[in-house]
Amino acid sequence: ANGTPPSFSARKDKLLHGLLAAEFDEKSCLSRYHSILYRKESPHLPSSYLLEKLRKYESLHKKCAPNTELYKKAVEQLKSGRGSQSTECNYVVWISYSGLGNRMLSIASTFLYALLTNRVLLIDSGSDMADLFCEPFPESSWILPSDFPVNEFTKFDIKTRTSYGNMVKDKAISNHVDSGSTQSPPAYIYLHLSHDYDDYDKLFFCEDDQKVLQNVPWLLLRSNNYFIPSLFLIPTYDVELRNLFPVKDTVFHHLGRYLFHPTNSVWGLISRYYQSYLAKADERVGMQVRVFEEGAGPFQYVLDQILACSLKEKLLPDLNSQEAVVLTPNARSIALLLTSLESGYYEKIRNMYWEHPTATGEIISVHQPSYEGFQQTEKQTHNMKALAEIYLLSLTDMLVTSAWSTFGYVAQGLGGLQPWILLKPENQTTPDPPCRRAMSIEPCFHAPPLFDCKAKVGADTGALVPHVRHCEDMSWGLKLV
Ligand code: GDP
């Protein structure tokens, strides 16, 4: 198939089968309705229950959004220091943290938590997310106003006394709802759900503790993880999650496509690149190379791994050793989109396919949008390029990702692509096998709790239900399948 985007009229699913709200102004956020021109239609339909839930959420958000009377009332109550059991608007504030992939996964997780608990999701205004993403909810904002009264919450960490874990540890709050209690709940609680959290923080994933949190109007949540798989293990939310996601391994696919629409400037980076380098190829292969090794690359064992995987899984053709190949004018073309912080892998693979013909007679063009050298999360143009590259990877037909990387998880989830994962090399050696096909398109939760809430003992949370399993690339992680 030719990759040139078809016209709008040929595609009737502009709203992604009802996933997207229709109220938005198209020009202010071109990506929202134009991305379908660049993608194959998703085989995964959102459930009608999810669509209903999203429309209800949108009206709740509009009612409680910053600058509404109800928001002002809730902020006044926060200033007064105590919560109350009957507030119309309850909130969960996502605190910005970590690399872009981690952020997108934790925002999606926090949004699902907001849906499950009838809370309104607001995003820390210091996060610079406004330059990257359009507002996801119609006629309102998800950005927390900068005059929010809790100070310096971006510095919250595992030691913060107002965290749920520390309050339980200090006995400042009971982790059981006591019907006889007359004490009003605190006005806010900090939820520390980062990779370094302790067993007390992890009580968040227990049913009884969820009941306690229900009565707290403001939750401030900081996480760099995709914690959705563990929400599926909390009995309270079981029925609702089944209704929302009858097909369980499409949670991030739907929520990601609902929430994350690149701003027009990022969309420019994406659409120009796609049209220039990818659109005309017969096939697009995405390859995300994330090397966690210290020191300067490129490393030969990583290059060997990439090539071994690509050849074994027939993602790229082998070279022809006889060299006497006559190219037909209409040779089939494959565009390889490689993303990496460094340029070495790209240069080697590009030269390889320039210097030698392929055994199949196919033409391979190799493209890498940027070589940023190292992670620079504070820099806006760096993050814009990172988002553009994640998005471009999600537009390919076949995808190779790197183990442990949330950058790749987001691309696979948005694209609905079941990637081949380059397994993590140990001792600077190419792993055998070099890669493994993922079980599902879902991201991996890297730091799940591993205990049984009821029995209060350690438990293998990857063996409790068939749809929550350990990940292919991280043995203690959890993912939906
Ligand atoms: P993870 O660390 O691989 O889980 O992914 P994150 O996205 O959370 O953090 C890595 C960050 O490093 C990204 O957000 C980018 O800022 C940067 N980065 C890593 N790989 C790439 C890449 O291939 N391209 C670009 N442009 N940036 C990258």
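Author: Four nonpolar, twelve polar and four charged residues make up the shell around the ligand. This is a predicted model, in which local features need pLDDT of at least 70, side-chain atom pairs count only at pLDDT 80 or more, and totals for chains, interfaces and linings use all residues. Residues are numbered from 1 along each chain as its sequence is written.

Reader: What makes a residue nonpolar, polar or charged here?

Author: Ala, Val, Leu, Ile, Met, Phe, Trp, Tyr, Cys and Pro count as nonpolar, Asp, Glu, Lys and Arg as charged, and the others, Gly among them, as polar.

Reader: Which residues come nearest to the ligand?

Author: Gly99, Leu100, Gly101, Ser405 and Thr406 do, out of the 20 residues around the ligand. A residue counts as near if its C-beta atom, placed from the backbone, lies within 6 Å of the molecule.

Reader: Which helix gives the largest share of the shell?

Author: That is α13, with four residues. Helices α4 (100–117), α13 (380–394) and α14 (406–415) each supply at least two. Helices are DSSP runs of H or I with at least four residues, strands are runs of E with at least two, and both are numbered from the N terminus.

Reader: Why is helix α9 called mostly covered?

Author: Eight of the nine residues of α9 (251–259) are buried, among them Phe252, Leu255 and Tyr258. Buried means that 20 or more other C-beta atoms lie within 10 Å of a residue's own; 12 or fewer make it exposed, anything in between partly exposed, with C-beta atoms placed from the backbone. The buried residues of α9 pack against α2 (48–64), α4, α7 (228–231), α14 and β14 (478–480), where contact means C-beta atoms, placed from the backbone, within 7 Å.

Reader: Why do β2 and β3 count as edge strands?

Author: The open sheet runs β2-β1-β4-β3, with parallel pairing. Both β2 (120–123) and β3 (188–192) have a single partner strand, so one side of each lacks a neighbour in the sheet.

Reader: How do you know that β3 and β4 pair?

Author: Pairing asks for at least two DSSP bridges, and β3 and β4 (218–222) share five, in the parallel sense. In one of these, His192 has Arg222 as its partner.

Technical notes:
Contact = placed C-beta atoms within 7 Å.
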